[in-house]
Amino acid sequence: MVPLSWYLVVAAALFCIGLFGVLARRNAIAILMSIELMLNAVNINLVAFWRYQSPNQPIGMAFAVFVFVVAAAEVAVGLALIISIYRRRKHIIVEDMDLLKW
Amino acid sequence: MTTVVFILFSLMVLGGGLMVVTASNIVHAAGALILSLFGVACLYVLLNAGFLAAVQVLVYIGAIAILIIFTVMLIRREGEDRLSFNSMWSGVLVIAVLAFVGLILILNQVWPLGMEGGAPDMNLDPTVQLGRMLLDPAGYVLPFEVASILLLSAMIGAIVIAREKRKE
Amino acid sequence: MDDFRVADLFTSIGRLWTNWLVDLGVSDPWILFINSLIGAILIVVIPVTIVVFTIMGERKIIGRFQDRLGPNRVGPFGFLQTVPDVVKLLTKEIITPDHVDKVMYHIAPMMSVVAVLLIWAVIPFAPNVIGADLDIGVIYFVAVASFGTLAVLFAGWSSNNKYALVAAFRAVAQLISYEVPLVLSLLVPVLLASSMSMQTIVETQRQGWFVILAPISMLIFFISSTAEIGRSPFDLLEADSEIVAGYNIEYSGMKFAMFFLGEWIHAFTICALTATLFFGGWLGPFVTQVPALGVVYFFLKMFILYFVQVWIRTTMPRLRIDHLLNFNWKFLVPLALANLMVMSLVTRLLNPIEGPAADPVVQGAVFFGANLVLVVAALMIVGGVARRARQAQEAQRFRAVASGVQG
């Protein structure tokens, strides 16, 4: 069997890749996709800990299911916002959306 | 054998993730996201969480990824300048690498990165336990109900936000 | 050769093969790998072989419905017609249009076929003959079905063609809309069998097929699955007169053949699933003594259901996209939700947590009665709504005529 730390390394790497995507991409949808990567990294962590530390209590799995729910809700609302912005400004480059900046 | 399979799936996950953050064509990025999410589902299978793997494919790939692809295909960028990163990307790269190294160092203290260590045995029906716990009053029925209200409000919110304004 | 029973044919063959491998000195992980590989190859080969016969059968049956003979030149009674068709498609020139998105253009037809073939891994053919007895079999089926939706999107987008894109959007709208009643109606066999494993669902039907206990679920499942494949009367997706033949405009030759192959295989796959989930799968007389008979019963039920599906296809007209979506969201989804609630209530009333469960015959009668009440209530509501709409329309026309007469 694979040791627990390998799963944690994969989750950490995926989280950092998602972090880079959120902070460095210009397209709003790409930022949303990177957020999804980060949420998946968290989920891998939760399920790996569940399996290796307490496999006879479904707490880890339940937590992961709630993360699924929150991710789905957030993507729906986020995409609705992006479409609404696109109708107004005809582009979704987040760098150019600085109306509220001084 | 399990190690080889694990490395294969991890490569799928991380490779897909890298393509998501670096592809200049957003549709390719969405396709890479699907690959990455499928790799995560395979990792769940390796971790004996079969129900979560099926729900991952169903919810993430079957719903979220399709939503994202729909939106991507409906949005046309005017004057595509093909730049996928913004101006601070080198700084962010440094931060991300530092974060990763830091996380690995912290992890190494508690769970060393060696080759030993296996998973303990488990009684093989986590799905039934999960189902019972989600509906048990002493368990997680309250977060379960709140999650359903959250989904309802997200659905209504998305419909209201994305609706075209009717010309009164 | 000591325990080779002809009655248990397939398991005995499997055991013989494994023993031969062990005698050859092959180590355990490799045996598992080789057996899994052979199982996977069989699961792919079986539907592709069956589809050859079902294409032929369908064309002859449609011909007879339409008072003509169907193909009858190639082979006896035209039964070898598929062979020249396949040869024609294989030898067509493979054209890749210029500005397509290469990766997605080539992957889309493959995803479409793979999504359908993956379903065959969880269908039980006989008491011990199943690809993989997952304890999440039903959810696995729904999860794999969503791969086909992705394939349609990729095909429409990568073709770099406005008409293909619009057709792909309409197709995906239909497909994701009909997933909702599909999942809701699939929950009822899971509820009745207390398990998501297909083999357990079939075993639980020894006391009574689920089509008697839950006929509404069977109907909703059948209708939603027919809409999921994009088959008549829901074949707006790829009918020849709709938006220049849909999302596979830019595909020709073998790739086009793969889309159609996927659709035909999907057609009898859902018949196999309906047979498994609602009609008892491999159950039948004498199947405990002769397990190999299970395969015969399974295929018999599948082909009877396939005949019903071809019948529906030839006789019903095509639904328009807005009728289709209205039918789904305004009728099927509320009905499926009400059905699920009624079935869970009745299940809990008949099988209380403390106390004895009711007699199976009584249970069957109560379930069937509850379903009947639900159907009657649903039809009365729909009839009431339709009647009021008609009365409102006639009143409006009457007022228009009256004001015309006066003015």
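How many residues does helix α2 of chain A have, and how far does α2 of chain A reach from its first C-alpha to its last? Select residues 28–53 of chain A: the helix has 26 residues and reaches 38 Å, close to the 38 Å expected at 1.5 Å a residue (the expected span is 1.5 Å times one less than the number of residues; helices are DSSP runs of H or I, at least four residues, numbered from the N terminus).

Before moving on, note that this is a predicted model, where local features need pLDDT of at least 70, side-chain atom pairs count only at pLDDT 80 or more, and totals for chains, interfaces and linings use all residues. Residues are numbered from 1 along each chain as its sequence is written, while chains are lettered from A and ligands numbered from 1 in the order in which they are written.

Next, select chains A and B. Their contact takes 63 residues from chain A and 76 residues from chain B (in contact: C-beta atoms, placed from the backbone, within 7 Å). On chain B, helices supplying at least two residues each include α1 (2–22) and α4 (89–110).

Now bring in chain C. Its contact with chain B takes 18 residues from chain C and 16 residues from chain B. The largest share of chain C's side, nine residues, comes from α5(C).

Conventions. Two residues are in contact if their C-beta atoms, placed from the backbone, lie within 7 Å.
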